[in-house]
Every structure is written in structure tokens, then in C-alpha cells.
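Try each task before you read its solution.

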There are 2 protein chains.
Amino acid sequence: MALPRIIDFPDKDLKVADFAKALSHPARIAILKVLAEKQECICGDLVADLPLAQSTVSQHLKALKELGIIRGIIDGPRSRYCIDWKVFDRYQREFGAWSEKMVKLRQDNCC
Amino acid sequence: MALPRIIDFPDKDLKVADFAKALSHPARIAILKVLAEKQECICGDLVADLPLAQSTVSQHLKALKELGIIRGIIDGPRSRYCIDWKVFDRYQREFGAWSEKMVKLRQDNCC
DNA sequence: GCCGTTAATCGTATGATTACGATATAGGAT
DNA sequence: ATCCTATATCGTAATCATACGATTAACGGC
């Protein structure tokens with residue numbers, strides 16, 4: 001009955017979870033790395049780099065695009081992708097804040 | 001045909017993805033926060049704190065335990081949980097390294 | 001116009017995830 | 001031994017995720 005009870009969680013936690021979800025598959029990690037380092041970020045290059053079918057890569061790109069951390073523009077018959085650093089940084093900061101909070105709350109007492 | 005092609009990805013990326021997956025649900029984010037801040041980390045307290053059934057919470061705890069970032073010990077009729085900071089830190093550092101690499105590779109050229 | 005290339009989307013199959021209630025188990029108390 | 005409490009596990013159902021091939025759509029070149 002996988003009705004997500006997502007509504008009952010604080011907004012910040014949802015953001016962290018969304019970001020984490022985007023990074024929860026090695027293909028998407030790889031995609032982001034390529035996008036970060038390459039000047040040309042054409043879909044076909046990503047497909048060539050990854051051990052996955054074109055349609056699967058496209059699906060992963062869609063997921064990242066839906067979160068907003070990448071953008072895609074149509075360039076003739078191909079698609080050029082890039083990281084939206086503004087959005088990426090926002091999520092990264094949110095994640096960093098959560099991470100820091102964890103360290104601050106840290107207690108080595110039980111177990 | 002959801003055969004994961006996981007083998008074809010670098011080990012570091014797999015680690016980052018595993019950590020991200022653990023954090024990809026707000027319930028697990030919440031659990032970790034509670035465990036970090038509470039001195040008492042009894043399962044029942046977590047159930048009381050979360051808008052989820054006892055069995056569901058137990059399931060989330062199991063997922064975190066399988067990754068190794070939390071540990072559980074049996075304490076009489078109840079279970080006491082805590083974060084294994086050694087493991088948690090290791091994953092966090094791995095994530096941080098990935099994060100830094102992203103920033104270093106960053107190029108604002110296309111799109 | 002017609003063809004080739006590129007990439008998104010569709011259809012589909014399979015496995016994983018998430019959720020719940022019910023049951024089992026184990027420990028403490030009486 | 002019996003009962004109560006706490007929690008893990010089982011059974012189950014629904015949804016999501018991941019993968020692929022096939023198809024569609026959009027553009028450029030001829």
C-alpha cells in the first residue's frame with residue numbers, strides 16, 4: 001500500500017531526500033560528472049560513455065531535469081545538456097546544512 | 001528488464017549512490033536526525049515520532065543497518081539503535097569528495 | 001520533397017521500494 | 001508457567017524504478 005506519507009515530513013528533509021534520490025543511482029552520478037567536466041555535453045556522448053541504452057540514459061536525464069539540477073536545450077537534431085549550477089548549489093547547500101546539523105547533534109553515547 | 005548494470009560503474013560512484021539511496025527517503029532522514037540528537041534511541045521512540053507504522057519504521061531501520069550507518073543492540077525487550085559514526089563519517093567523506101570534485105570540474109560554458 | 005541522424009517517448013517486463021496489518025519471538029514481570 | 005510488552009519478520013498489495021527495444025518527432029542535408 002505504498003501510499004507515501006511524504007506530507008508528514010518537514011520541507012527541508014524532503015529537499016534533502018529529493019537530492020539524495022537524484023544521486024541514488026550510479027548512472028546519474030556518472031552523468032553529472034561528465035556534464036561537470038565536459039564542455040560539450042551532447043546526449044550522444046553520454047550514451048557512448050555509459051553502459052546503458054540510449055533510452056535508459058534519456059530516462060535518467062529526464063529525472064535529473066525534473067529535479068532541476070540539469071537543463072537541456074535542443075541544438076539542431078541533438079540535445080545539449082548542462083548542469084544548472086544555481087539549482088545544484090542550492091541542493092548541495094541544503095544537503096550540507098543537514099550534514100552539519102548531524103555532526104552538531106552528534107552524541108556518542110548509546111550502543 | 002531492470003537488471004542493474006551496477007558492475008560497470010566505478011566503486012566510488014557506487015558508494016556515493018548507496019549513501020544517497022539511504023538518504024533518499026524522508027523517514028530515514030528523520031530517523032538519523034533523531035538518532036543523532038537523542039541519548040536514548042529506542043525503536044519505540046522512533047515509531048512515536050514518525051507518522052508511520054511500527055513495521056514500516058522497522059523496515060527503514062533495517063535498510064540503514066544493512067548499509068552499516070546505524071547499529072542496533074537488543075536491550076531487554078526493546079531495541080536500542082545508534083549511528084555508527086565511523087561508518088557514517090566514511091560515507092560522508094566519500095560524498096564530500098564527490099561533491100568537491102564536482103565543484104572543481106565545474107565549467108559554466110554550455111547551455 | 002526524401003533520407004539519415006539524434007534523441008524523446010511509448011510500451012513493456014521485472015525487480016525494488018514502501019506501506020500496512022498480522023504473526024512470531026524474545027525478554028521481563030508476576 | 002503465564003502474561004505483557006516491544007520489536008522483528010512475514011504476507012501482501014500498490015507504486016516506483018530501471019532497463020530495453022520500437023516508435024515517433026524534429027532537424028539537416030541531399
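**Exercise 1. Decide whether Ile31(B) is buried or exposed, and find what surrounds it.**

Solution. Start with the count: Ile31(B) has 24 C-beta neighbours inside 10 Å, so this residue is classed as buried. The cut-offs are 20 or more other C-beta atoms within 10 Å for buried, 12 or fewer for exposed, and partly exposed in between, with C-beta atoms placed from the backbone. Next, locate Ile31(B) in helix 2 of chain B. Helices (H or I, at least four residues) and strands (E, at least two) are DSSP runs, numbered from the N terminus. Then list the contacts, leaving aside neighbours within four places in sequence: Ile31(B) meets Leu46(B), His60(B), Leu61(B) and Leu64(B). A contact here means C-beta atoms, placed from the backbone, within 7 Å.

A word on the conventions: this is a predicted model, in which local features need pLDDT of at least 70, side-chain atom pairs count only at pLDDT 80 or more, and totals for chains, interfaces and linings use all residues. Residues are numbered from 1 along each chain as its sequence is written, while chains are lettered from A and ligands numbered from 1 in the order in which they are written.

**Exercise 2. Describe how helix 2 and helix 4 of chain A pack.**

Solution. Two packed helices are described by the angle between their axes and the distance between the axes. For helix 2 (residues 26-37) and helix 4 (residues 54-67) of chain A, the angle is about 75 degrees and the axes are 10 Å apart. The axes are lines fitted to C-alpha atoms over the stretch in contact, and angles run from 0 to 180 degrees between N-to-C directions. Helix 2 of chain A is therefore roughly perpendicular to helix 4 of chain A, a term that covers 65 to 115 degrees.

**Exercise 3. Compare Ser79(B) and Ile70(A): which class of burial does each have?**

Solution. Ser79(B) lies in strand 2 of chain B, and with 16 other C-beta atoms within 10 Å it is partly exposed. Its C-alpha atom is separated by 5.7 Å from that of Ile42(B), 37 residues apart along the chain. Ile70(A) belongs to strand 1 (residues 70-75) of chain A and counts as buried, with 24 C-beta neighbours inside 10 Å. The C-alpha atoms of Ile70(A) and Gln107(A) are also 37 residues apart along the chain, yet 37 Å separates them.

**Exercise 4. Work out how the two chains are related, and what each gives to the contact.**

Solution. Now turn to the contact, which takes 39 residues from chain B and 39 residues from chain A. On chain B, the elements that give two or more residues are helix 1 (11-22), helix 2 (26-37), strand 1 (70-75), strand 2 (78-83) and helix 5 (85-105).

Definitions and conventions: Angles under 35 degrees count as roughly parallel, over 145 as roughly antiparallel, 65 to 115 as roughly perpendicular and the rest as oblique. Copies are superposed by least squares on the C-alpha atoms of residues with pLDDT of at least 70 in both.
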